[in-house]
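Q: Hey, I've got this one open on my screen and I'd like to go through its side-chain contacts. Can you help me make sense of them?

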Amino acid sequence: MMHPLLARFREINGDHRMTDVDDAYVTAEFVVLDDLCRARGRDVDETHELMLAGRLPMPSYVRSDGAMMVPADLFDLADEAGGIDRLEQWFRAQWADREQAGEEWRSYLSGQYVCMRAVTPVALQRKDELTAAITAAPDLPDAGTPGWNARLHGLVDELDGLEREFTAYDRLRFGGPTSRDRCIDAVRARFPRS
């Protein structure tokens, strides 16, 4: 019988195969959930239940060997909020718009913020600002000028600093190009640094 957390992960992400390259990347960038629980003094079964109950984010990846992988800072936001019981309220309070706060909370719980080096409200908000500015940049009146180019690459470099790489697996589960593909790699290719 499939582990309930794995079944829920597949409901969220679909059933896509991880390649050897995906597995190597995930092993280098993330940690095994149960190992992190033990290292941080957290009960493994309780953590699984908190994930299934929508009180902690789901695993970010499941490697080909079945290991559930999470960011090393998985518990940091709950600690900052004053505990898991306070996490949701604290997290939602970081956004002025209640509807957006709800959307961000649901996205956070999905475990799919795999691109972020640090999954914090401040970093998530800055990523949104940067991707919006980068997407709008080609339509600005001064597009193509040296000053515009320098500003654009400043935005792209900042976004690059916030985001991890993605895997081929991510492009399958997200149904196409990632924010890195669209707002970093494609922009650098289309508008070379002057």
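Q: How many aromatic pairs are there?
A: The count comes to 7 aromatic pairs. Keep in mind that this is a predicted model.

Q: Got it. How do phenylalanine 91 and tyrosine 108 pair up?
A: Phenylalanine 91 and tyrosine 108 are stacked, with 4.7 Å from centre to centre and 20 degrees between the planes.

Q: And where in the chain do those two sit?
A: Phenylalanine 91 is in helix H6 (residues 84-92) and tyrosine 108 is in helix H7 (residues 98-110). They are 17 residues apart, and the pair links distant parts of the chain.

Q: Are phenylalanine 91 and tyrosine 108 buried or exposed?
A: Both phenylalanine 91 and tyrosine 108 are buried.

Q: Which residues form an aromatic cluster?
A: Phe91, Trp95, Trp105 and Tyr108 form one aromatic cluster.

Q: What about tryptophan 148 and phenylalanine 191, what kind of pair is that?
A: Tryptophan 148 and phenylalanine 191 make an edge-to-face pair, at 5.0 Å centre to centre and 85 degrees between the planes. This pair also links distant parts of the chain: tryptophan 148 is in helix H9 (residues 146-162), while phenylalanine 191 is in the segment after helix H11 (179-190), 43 residues apart.

Q: Why does tryptophan 148 count as buried?
A: Because its relative accessibility is 3%, and buried means under 20%. Phenylalanine 191 is buried as well, with a relative accessible area of 17%.

Q: What does the pair of glutamate 158 and arginine 126 tie together?
A: Glutamate 158 lies in helix H9 and arginine 126 in helix H8 (residues 121-136), so the pair ties together parts that are 32 residues apart in sequence. Glutamate 158 is partly exposed at 34% relative accessible area, and arginine 126 is partly exposed at 28%.

Q: Now aspartate 157. Which side chain does it meet in a salt bridge?
A: The side chain of arginine 188 is one it meets, at 2.9 Å from N to O.

Q: How accessible are aspartate 157 and arginine 188?
A: Aspartate 157 counts as partly exposed at 31% relative accessibility, and arginine 188 counts as partly exposed at 29%.

Q: And what about aspartate 157 with arginine 193?
A: Aspartate 157 forms a salt bridge with arginine 193 too, with the closest N and O atoms 2.9 Å apart. Arginine 193 lies in the segment after H11 and aspartate 157 in helix H9, so this pair ties together parts that are 36 residues apart in sequence.

Q: Which residues end up in one network?
A: Asp157, Asp160, Glu165, Arg180, Arg188 and Arg193 do, joined by salt bridges that share partners.

Q: Why is glutamate 49 called exposed?
A: Because its relative accessible area is 51%, and exposed means over 50%.

Methods:
Residues numbered from 1 in each chain as written. Predicted model: local features only at pLDDT ≥ 70, side-chain atom pairs only at ≥ 80, totals over all residues. Heavy atoms only, no water. Buried < 20%, exposed > 50% of the residue type's maximum accessible area, 1.4 Å probe, protein only. Phe/Tyr/Trp six-rings, centres within 6.5 Å; stacked < 30°, edge-to-face > 60°. Helix = DSSP H or I, 4+ residues; strand = E, 2+ residues; numbered from the N terminus. Salt bridge = Lys/Arg side-chain N within 4 Å of Asp/Glu carboxyl O.
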